[in-house]
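Please keep the sequence and the structure at hand while reading.

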Amino acid sequence: MSAITLLGPAEIRALAERAGVRPTKTLGQNFVLDAGTVRKIVRQADVVAGERVVEVGPGLGSLTLGLLEAGADVVAVEIDPVLARLLPQTVAAHVPGLTVADADESRLAGLSVVDESRPADLADTAPHPAPSRTVVLRDADGRARLTVVTQDALTVTALPGPPPTALVANLPYNVSVPVLLTFLERFDSLERGLVMVQAEVADRLAAPPGSRTYGIPSAKVAWYASARRTATVGRAVFWPAPHVDSALVRLDRREPPAATVSRQDVFAVVDAAFAQRRKMLRSALAGVAGSSAAAEQAVRAAGLDPQVRGEQVDVVGFARIAEALGAARPATPGPGTVAP
Ligand SMILES: C[S@@+](CC[C@H](N)C(=O)[O-])C[C@H]1O[C@@H](n2cnc3c(N)ncnc32)[C@H](O)[C@@H]1O
């Protein structure tokens, strides 16, 4: 395979200028200028040749090219229609032997082409859930090396082609945690992830119970995966430079900690426990349990002290509490039965 050249600072700026891209804060558009950072992300993701990787927010294509260089087949989900339209051209210019093969909506039933013009006021508006458009780049053997889906990642419920095994992304900062949780929930083929997020968010994702930064994202991500902060990335490698540093987080999928309780019930307990962070669980969970006496009973049944606070409980503890609450709840009367 001939060498792929990664994007450097001058080329990124030139690309953006030619396409009339003015990075917007609303969409967390901070593009990576440094090929060394791109290669570090790909390396830490343990991407292997031939693997299907999903990237959320490919932007101008820095990381996409790094993933292709490692031999991955990439499905990239980008909300900004101008960036999504530019990406196949950029990739075709850097990866020898690839051609823009098809804009194949037919493979994705129910999806339609979006208007490709960039709304003038995009910078000032929150993104709308837009219908999706898909473009595929194939190599000489017909293998889909890059699939670009133009859509808000939060609304993606299915991806074209084989299921991806890794999520590798420089996530848009304003929606990084919801995107991460959504993808872990919807795509159980994802065995691992390597995401770049704001340093402070990385701390929260990887925080153990009892630490200052442990909170809702830590407990919820732990339902799906172990999370480890692996590196700090200084703001100087981005254009435009953000106000804070970033960090890389490695995620490794694991079995959910409880099989007899739903993820939704556990997350409801997590949300309630942290809604009033300083409260003891017996008071914080009174709402979900029905009363503080019922909350106290469930926390005890889970083997925990009702005086502990949410910040001291791991996801296994939250799952046990949800189980105890479920066991204590009267079964919903079915059709034809008469409630006493
Ligand atoms: C931090 S930039 C990363 C760009 C590129 N991957 C890089 O590293 O240079 C985030 C990207 O996510 C895109 N984005 C923002 N919100 C999105 C969403 N809800 N769904 C999909 N893409 C989104 C932005 O347009 C932007 O391209």
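Which strands and helices each supply at least two residues of the lining of the largest pocket? In this predicted model, the elements that do so are strand 1 (31-32), helix 2 (35-44), strand 2 (52-56), helix 3 (62-69) and strand 3 (73-78). The space in the largest pocket amounts to about 450 Å³. Its lining is made up of 34 residues, of which Leu 27, Gly 57, Glu 78, Asn 170 and Pro 172 are the closest to the pocket centre. Sorted by class, that lining holds 20 nonpolar, 11 polar and three charged residues.

Leu 167, once its neighbours within four places in sequence are set aside, is in contact with Val 54, Val 56, Leu 180, Phe 183, Leu 190, Arg 192, Gly 193, Leu 194 and Val 195.

Helix 12 covers residues 315-328, and at 1.5 Å a residue its 14 residues should span 20 Å, which agrees with the 20 Å that separates its end C-alpha atoms. The buried residues of this helix are Val 315, Gly 317, Phe 318, Ala 319, Ile 321, Ala 322, Ala 324 and Leu 325. An α-helix has 3.6 residues a turn, so residues three or four places apart point the same way. The buried residues of helix 12 pack against helix 7 (216-224), helix 8 (263-275), helix 9 (281-284), helix 10 (286-289) and helix 11 (292-301).

Several individual residues can be set side by side by their relative accessible area.

| Residue | Relative accessible area | State |
|---|---|---|
| Phe 31 | 7% | buried |
| Val 21 | 5% | buried |
| Thr 147 | 3% | buried |
| Asp 46 | 44% | partly exposed |

Phe 31 belongs to strand 1, and beyond its neighbours within four places in sequence it is in contact with Ile 12, Pro 23, Gly 59, Leu 60, Leu 83, Val 237, Phe 238 and Trp 239. Its C-alpha atom is separated by 40 Å from that of Ala 259, a residue 228 places away along the chain.

Val 21 sits in the loop between helix 1 (9-19) and strand 1, where, not counting residues up to four places away in sequence, Val 21 touches Ala 16, Val 82, Leu 83 and Trp 239. Although Val 21 and Leu 83 are 62 residues apart in sequence, their C-alpha atoms are 7.8 Å apart in space.

Thr 147 is part of strand 6 (residues 144-150); leaving aside neighbours within four places in sequence, Thr 147 is in contact with Arg 52, Val 74, Val 75, Ala 76, Thr 134, Val 135, Val 136 and Pro 160.

Two features of the backbone remain. The peptide bond leading from Trp 239 to Pro 240 is cis, with omega near -10°, and Pro 240 is found in the loop between strand 10 (238-239) and strand 11 (246-253). Asp 46, placed in the loop between helix 2 and strand 2, has a positive phi of about 55° although it is not a glycine.

Technical notes. Residues numbered from 1 in each chain as written. Predicted model: local features only at pLDDT ≥ 70, side-chain atom pairs only at ≥ 80, totals over all residues. Heavy atoms only, no water. Contact = heavy atoms within 4.5 Å. Helix = DSSP H or I, 4+ residues; strand = E, 2+ residues; numbered from the N terminus. Expected span 1.5 Å × (residues − 1). Buried < 20%, exposed > 50% of the residue type's maximum accessible area, 1.4 Å probe, protein only. 1 Å grid on protein atoms, 1.4 Å probe; cavity = no way out; pocket = protein on both sides within 12 Å on 5 of 7 lines; lining within 4 Å. Points joined across faces, edges and corners; volume = space filled by probe spheres on them. Nonpolar A, V, L, I, M, F, W, Y, C, P; charged D, E, K, R; others polar.
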